[in-house]
Every structure is written in C-alpha cells, then in structure tokens.
Amino acid sequence: MYGKPEEKMGWNAQPTRMITFEDVEVDAQWLLGNEGDGFKMAMQGLDGGRINIATCSIGTAQQALNTARDYMQEREQFGKPLAAFQALQFKLADMATELVAARQMVRLAAFKLDNNDADKTTYCAMAKRFATDVGFKVCNDALQLHGGYGYIKEYPLSAMSGMCGSTRYWKAPTRSCDSLSAGVYWPMNAKCYNPRIGDAR
C-alpha cells in the first residue's frame, strides 16, 4: 500500500511515498540469499547508492559554481563587475578547490567499490559525507554571491541549494556516514550499517 506523496524541500523530480506491507507472505522459492541476511544485503546495496548521491551533489554544486561565476561577470557594484573584486575571486577559487577534492574522493571510493576492496563501505561513506557537505556549502556560497537575487525563484540557486541540502540525508545522514568512517579507527563504532563486521546490527 502506498502512502501520500511527500512534500520535500528538494529532490522533487523523484516522488517519495511510504510503502506499507500488511500480512504479506512470500513463497520460499523467491528468497534471495540466506534467511536473516536481508538487512545485510540491503546495506551492501547502499555503497553504490552513496556514490550516486555524492555524484549528484557534486554535479549540482558545479552548476551552482558556474552560475555564480557568470553572474559575477554581469553584476556590477561600485562601477565594476563583481568578478573584479579579489575577495570574491578567492571565494570562487575556494569553491572550485573543494569541488575538485570532493570529486577525487568520490572517484577513489568508486574505484574501491568496483574492485570489491575490503574497505569499500568505509570509503563510500566517507565520499558521500564529504561530497554532500561540500556540495551544500558550494551551493550556499553561490547563493550568497547572488545576494538577494539568490532567494528569488527566477534564479536557479534556491532550487540548487534545496537539492544539495537533501543529498545530505539520502542513503544515510552525515552522522551515520561518520559512524562508518570512524569504524576504521574505532571498530566498535562500525557495527551499525557496516556489512564488513559480519552482523546485521
């Protein structure tokens, strides 16, 4: 049974509904894997999902950066374009640098996932956490560079900020990803959502 369509701050191109199962019985021939392994299998599927969400965030933030760059060349203050102010040039440079770092981290995680490395889950969590935080920050910085225009729906920055804000919660919130990453150094923290541990807690 499907619930009502949820109204969200962002990611509205993809509908979200609650699904409820009541008194559902599935024949044993349709069992995937071993009985009791369902949660573990679902968590393993999140690795690729986290790469996907991280990539969406980076792509949206890159477009926000490009939009801010173009706007700064058009908008003038004190008789010259915003792009002529060194402080704003430095801000764009910081945004671009952060995006390059996030993109490289996602590529590393994807490489580990493709090669089934033992630490792939940890790196996918790290990449998702870092890329979505950076994406949200870059979108917010781009919005700030637009000033009040950034909040007007005629400009795309408000939609981009909502989109990147939502990516921080898909496929595990930021703090859950931190819990996975911390498991590298403190294994007791990695029991939740980590298929490498061998339990489904």
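Predicted model: local features only at pLDDT ≥ 70, side-chain atom pairs only at ≥ 80, totals over all residues.
As the two helices pass, α1 and α3 make a left-handed crossing. If you wonder why two values were quoted for this pair, packed helices are described by the angle between their axes and the distance between the axes.

Now turn to α2, which covers residues 86-114. How many residues does α2 have, and what span should they give? At 1.5 Å a residue, its 29 residues should span 42 Å, and the end C-alpha atoms are 42 Å apart, so expectation and model agree. Just after this helix, Asn-116 takes a positive phi of about 55 degrees.

Which residues of α2 are buried? They are Leu-92, Met-95, Leu-99, Ala-102, Val-106, Ala-109 and Lys-112. The cover over these buried residues includes our opening pair, α1 and α3.

That brings us to the largest nonpolar core, a set of 28 residues. Leu-92, Met-95, Leu-99 and Val-106 are among those with the most contacts inside this core, and so is Val-138. The helices α1 (38-74), α2 (86-114), α3 (120-145) and α4 (157-167) each supply at least two of the core's residues.

For a closer look, pick out Val-138 in the structure above. Leaving aside residues up to four places away in sequence, Val-138 touches Ala-61, Leu-65, Met-95, Glu-98 and Leu-99.

Terms used:
Residues numbered from 1 in each chain as written. Heavy atoms only, no water. Core = buried A, V, L, I, M, F, W, Y, C linked by side-chain atoms within 4.5 Å. Buried < 20%, exposed > 50% of the residue type's maximum accessible area, 1.4 Å probe, protein only. Helix = DSSP H or I, 4+ residues; strand = E, 2+ residues; numbered from the N terminus. Contact = heavy atoms within 4.5 Å. Expected span 1.5 Å × (residues − 1). Left-handed = near helix turned anticlockwise from the far one by under 90°.
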